[in-house]
Amino acid sequence: MHTIGHLIDGKRLDGTSGRTSPVFNPATGEQTAELALASIDEVDAAVASAQAAFEGWGQVSVARRIKLMHTFRNLVVDNAEEVGRLLTAEHGKVLSDSAGEVARCIENIEFACGLADHLKGSLNESASTGVDVYTVRRPLGVVAGITPFNFPVMVPLWMAPNAIACGNTFVLKPSERDPSAPMFLAELFQEAGFPPGVFNVVNGDKVAVDRLLEHPDVKAASFVGSTPIARYVYTTGTAHGKRIQALGGAKNHMVVLPDADIDLAADSAVSAAYGSAGERCMAISVVAAVGDVADPLVDAIRVRMEKLVIGDGTDPASEMGPLITREARDRVAGYVGGAADAGAAVVVDGREARFDNEGHFIGVSLLDHVTTQMEAYKDEIFGPVLCVVRCDTYAEAVQLIADNPWGNGAAIFTRDGGAARQFQQDADAGMLGINVPIPVPVGYHSFGGWKDSLFGDITMYGPEGINFYTRPKVITSRWPDPAGSSVDLGFPTNQ
Ligand code: NAD
C-alpha cells in the first residue's frame with residue numbers, strides 16, 4: 001500500500017505527522033492508498049515556500065507567466081487520459097465524466113492564458129492639468145485553495161491558474177478522498193517550469209484547513225465544499241482578516257412548464273440528476289412539474305432510468321459509477337426510505353438494484369409527490385435521487401426556489417420565450433438554464449450561487465476570479481508643464 005504525501009517547494013515529501021486517512025477505489029470498495037494528513041509544521045513549510053516564491057514570482061513579467069501557463073495547458077492536454085484514469089480510480093465517476101472534467105480544466109487554464117488582457121488596468125489621461133490617474137491590479141501574495149472530492153482537478157483549476165497568472169503563489173489543500181489526481185497536477189505544474197513554491201499541495205484535514213485560515217502569510221482563500229464547512233471557512237478566514245470566497249452546497253430545481261418538450265426535459269432530468277451519481281453541486285435534485293406535465297414527465301423519466309447502465313467507471317459501457325464512500329451510499333439509501341415513510345411515491349427504488357461486489361454502488365431513485373417538509377427535499381442528498389414536487393402554477397414553482405435556502409443553479413424547460421424571460425428575472429439563484437439543465441458558466445464568465453451556496457461576494461473563475469486574486473492600486477501622477485521642463489522638448493519658453 002503506497003502512502004501519498006505532499007508537494008512542497010517543488011518536491012514530493014512524505015508526511016511526518018503520523019496521522020493518515022485511507023483512500024479507496026469506490027468501484028471495488030478496496031483501500032488503494034494511505035494519505036498523509038499534514039501537521040501544522042507541514043502547512044507552515046508550504047506557506048513559507050509559497051511566500052519565498054512570491055518575492056520573485058510577483059515580479060516576473062506577464063509575458064513569462066503566461067508562457068508558462070501555456071506550457072502547463074499543453075501538458076494537461078497531453079496527459080488528459082492519465083488525469084482521467086486517476087479521477088475514475090479514486091472518485092469512481094465513469095471515464096466519460098472524467099474526460100468532461102478534464103475538458104473543463106483546460107477551459108479554465110486557457111482563460112488564464114489570456115489574462116494579459118484582464119490585467120491591463122485603466123488610465124485617465126489629464127484628469128487635471130498635467131495630472132494622469134491610473135489603476136493597476138497587484139497580486140495578493142500567498143493564496144490557498146480548499147477543495148471538495150467531487151471535482152478533484154476541475155475545482156483546483158477554477159482557482160490556481162488565475163491566481164498564479166495574476167502573480168500570486170498557491171497552496172492547495174485537496175479533498176482527502178481522491179488526492180492522486182491533484183498530486184499529478186502539481187507535478188505537471190513543476191514540469192511546466194513554474195518556480196518551486198509557486199504551486200504547493202498539502203494533503204490534510206481540519207488541522208491543515210484551520211492553519212491555512214489562521215496563517216498570517218496567507219492573504220486569501222478560495223473554498224468549495226458543503227454549506228456548513230463553507231460557512232465555517234468564511235467566518236474563520238474573515239475573522240483572521242483574509243479575503244475569502246466560499247462556495248457551498250446546493251439543491252437545484254428544474255421547472256418544467258406544461259408546454260415543454262417532454263423528451264428533452266426527461267433526457268435532461270436523467271443526465272442532470274444521475275450523471276456522476278448525482279455528486280455534482282449543479283446536479284438537478286428537484287423537478288418542479290407544473291400542471292398536467294407531471295404524469296407524462298414522470299413516466300418519461302422512469303422509462304429512461306431503466307436503461308441506465310451502472311457499473312465500474314473504467315468499463316466504457318458504464319453510464320454511472322459508485323458513490324464516493326460506503327457511508328455516502330447508506331445515507332442516500334436512508335433518504336429514499338425516509339421519503340417513502342413520509343408519504344412520497346417511490347417510482348424507482350435505487351435500493352433494490354443489486355451489484356456483485358463490495359463497491360459503493362446504489363441504483364437510481366425517483367421520488368414523486370415529494371413535499372417541502374420531507375427530509376429528502378430539505379437536505380442536499382448528493383446522490384442519485386431525483387425528487388418531483390408537483391406545482392399547480394409557474395408562480396408556485398418559482399416560490400419553491402425562492403423559499404429554498406440554497407441558490408446555486410435553477411433551470412426552466414418551456415417553449416415559451418416570454419415565460420423563459422420572466423424566469424430569468426424571477427428565479428432566486430446565481431446560475432440559470434433555459435432548456436439547459438446544468439448551466440455551469442463557460443470559463444470566461446464566472447461561477448457562483450446565491451444564498452447558502454456562496455459565502456463572500458466574489459464568485460469564482462473568469463473575470464470575477466481575477467478580481468478576487470488581485471487588488472487595485474490607483475496612481476495619481478503630476479508632471480510639470482512641458483514648457484517648464486528641465487529637458488528641451490522643443491516647446492517655446494515661457495519667458
Ligand atoms: P466537504 O465540505 O466535506 O469538504 C470540502 C473540503 O473541506 C475538503 O477539502 C475537506 O477536507 C475540508 N473539510 C471537511 N470538513 C472540515 C472541517 N470540519 N473543517 C475544515 N475543513 C474541513 O465537501 P465534500 O463532501 O468534499 O464535497 C461535496 C460538497 O461540496 C457538496 O455539498 C457540494 O454541493 C459541494 N460543492 C459545491 C460546489 C459549488 O461550486 N458550489 C462545487 C462542488 C462541490
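Buried here means under 20% relative accessible area, exposed means over 50%, and partly exposed is in between (1.4 Å probe, protein chains only). The model is predicted, so local features need pLDDT of at least 70 and side-chain atom pairs count only at pLDDT 80 or more, while totals for chains, interfaces and linings use all residues. Residues are numbered from 1 along each chain as its sequence is written, and side-chain values use heavy atoms, with hydrogens and water left out.

**Stop 1: the two domains**

Colour the chain by domain: domain 1 is 2-248 + 453-476 and domain 2 is 252-434. These bounds come from an automatic or database domain assignment. The C-alpha centres of domain 1 and domain 2 are 31 Å apart.

Next, select the residues where they meet. On the domain 1 side 20 residues are in contact with 26 residues of domain 2, contact being heavy atoms within 4.5 Å. About 1800 Å² is buried between domain 1 and domain 2, and carbon and sulfur atoms give 58% of that area. Buried area is the accessible area (1.4 Å probe) that two parts lose on being put together, summed over both. Pick out Ala27, Val94 and Ser453: in domain 1 they lose the most area to domain 2, together 27% of what that side buries.

**Stop 2: bonds across the interface**

Ten residue pairs in polar contact are found across the interface of domain 1 and domain 2, both residues at pLDDT 80 or more. A polar contact is a pair of N or O atoms within 3.5 Å; within protein, one must be able to donate a hydrogen and the other to accept it, and residues adjacent in sequence count only if both atoms are side-chain atoms. On the domain 1 side, show α3 (80-91) and α4 (95-113), each of which supplies at least two residues that touch domain 2. The largest share of that side, three residues, comes from α3. Helices (H or I, at least four residues) and strands (E, at least two) are DSSP runs, numbered from the N terminus.

The rule also finds one salt bridge across this interface, a salt bridge being a side-chain nitrogen of Lys or Arg within 4 Å of a carboxyl oxygen of Asp or Glu.

**Stop 3: other salt bridges**

By this rule the count comes to 23 salt bridges. Select aspartate 205 and arginine 19, whose closest N and O atoms are 2.8 Å apart. Aspartate 205 is in the loop between β10 (199-201) and α7 (206-214) and arginine 19 in the loop between β3 (11-13) and β4 (20-25), so the pair ties together parts 186 residues apart in sequence. Aspartate 205 is buried at 18% relative accessibility, and arginine 19 is partly exposed at 31%.

Go on to aspartate 97 and arginine 280, whose side chains meet in a salt bridge (3.4 Å, N to O). Both residues are buried.

Then stay on helix α4 and show arginine 104 and glutamate 107, which lie three residues apart, about one turn of the helix. Their side chains form a salt bridge at 3.6 Å, N to O. Arginine 104 is partly exposed at 25% relative accessibility, and glutamate 107 is partly exposed at 23%. For a network of salt bridges, select Asp263, Asp267 and Arg304.

**Stop 4: the cores**

A nonpolar core is a set of buried Ala, Val, Leu, Ile, Met, Phe, Trp, Tyr and Cys residues joined through side-chain atoms within 4.5 Å. The largest has 68 residues, and those with the most contacts inside it are Met69, Phe72, Trp158, Ile164, Phe170, Phe194 and Phe199. Helix α5 (residues 154-165) gives the most to this core, nine residues. Centre on isoleucine 164: leaving out residues up to four places away in sequence, it touches residues including Trp57, Arg65, Met69 and Phe189. A second, separate core of 65 residues includes Ala289, Ala328, Val385 and Ala429.

**Stop 5: threonine 325**

Threonine 325 is in the loop between α10 (294-305) and α11 (326-341) and is buried, with a relative accessible area of 13%. Its side chain reaches the backbone nitrogen of alanine 328 at 3.0 Å. Beyond neighbours within four places in sequence, threonine 325 is in contact with Arg177 and His360.

**Stop 6: two positive phi values**

Most residues other than glycine have a negative phi. Histidine 369 has phi near 55 degrees and lies in the loop between β16 (365-368) and α12 (375-378). Lysine 451 has a positive phi of about 55 degrees and is in strand β21 (residues 450-451).
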